[in-house]
Amino acid sequence: MSNALIIIDMQRGSFTPETPRYASQAVIGRINDLAAKCRAANGKVIFVQHDGPEGDPHHPDAPGWHLLPDLDVQEGDLSVRKTACDSFLSTDLDQILQFNSIKRLFVTGCATEFCVDTTIRSALARGYETNVPADAHTTAERPHLPAKHIIAHHNATWADFISPAGPALVCDSADVRFT
């Protein structure tokens with residue numbers, strides 16, 4: 001079965017001193033490890049970047065639009081640009097996956113309760129076998145809930161999600177297998 005590692009919104013504009021993300025360096029390390037394993041198994045690594053409106057730190061002309069420098073981006077990796085939380089909405093992600101006969105997705109990135117969650121739900125609705133490395137997505141502290149609780153809540157929700165493709169398969173990054 002063909003695999004793709006989806007890496008969502010790991011952009012400079014989301015990781016500033018004013019917008020710290022939970023365990024960000026550990027998450028980046030896990031994403032890089034997953035990307036290496038995915039490439040070694042002939043899977044596709046797809047970086048999804050948010051295109052914000054003018055004045056937004058994620059505007060394509062702003063420094064914050066660029067991927068984090070610690071990410072291991074390789075020649076042959078693919079990229080998708082989006083303007084909404086859903087990485088499928090008005091993008092070519094689904095066409096890229098179909099063209100490459102990809103049936104199984106591994107979804108990582110930022111922010112757990114926004115773009116990661118929406119993309120996982122959209123992937124499940126499209127019938128993709130969707131896997132979530134539980135420790136390879138992050139978010140910020142919120143006034144109503146600590147980041148680690150947001151992450152734990154979403155991991156539990158995705159593991160029980162009802163869809164034609166079944167729930168997402170949630171496990172630690174160390175247990176992910178691309179074979």
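**Figure 1. Contacts across the whole predicted chain.** Of the contacts in the protein chain with a separation of 6 or more, 75% are between residues 24 or more positions apart. Keep in mind as you browse these views that the model is predicted.

**Figure 2. The chain and its elements.** Here you can pick out 4 helices and 7 strands. Following the sequence, they come in the pattern β-α-β-β-α-β-α-β-β-α-β. The radius of gyration is 15 Å, close to the 16 Å from the globule rule for 179 residues, so the protein chain is as compact as a globular protein of that length. Along the principal axes, the C-alpha atoms fill a box of roughly 40 × 35 × 30 Å.

Figure 3. About 8,500 Å² of the protein chain is accessible surface, and carbon and sulfur atoms contribute 54% of that.

**Figure 4. Strand S2 and its surroundings.** Take a look at residues 44–50, which form strand S2. Because 6 of its 7 residues are buried, S2 is largely enclosed by the rest of the structure.

**Figure 5. S1 beside S2.** Strand S1 (residues 2–8) pairs with S2 in the parallel sense, over 5 bridges. Between S1 and S2 the chain passes through helix H1 (residues 24–40), making a right-handed β-α-β crossover.

**Figure 6. S3 beside S2.** Strand S3 (residues 78–82) runs parallel to S2, and 5 bridges join the two. A handy landmark is Val48, which stands opposite Val80 in S3.

Definitions and conventions. Residues numbered from 1 in each chain as written. Predicted model: local features only at pLDDT ≥ 70, side-chain atom pairs only at ≥ 80, totals over all residues. Heavy atoms only, no water. Buried < 20%, exposed > 50% of the residue type's maximum accessible area, 1.4 Å probe, protein only. Pairing = 2+ DSSP bridges. Right-handed = clockwise from strand over helix to strand, strands pointing away. Rg over C-alpha atoms; globule rule 2.2 N^0.38 Å. Contact = heavy atoms within 4.5 Å. Areas by Shrake-Rupley, 256 points an atom, 1.4 Å probe, with all protein chains shown as cover.
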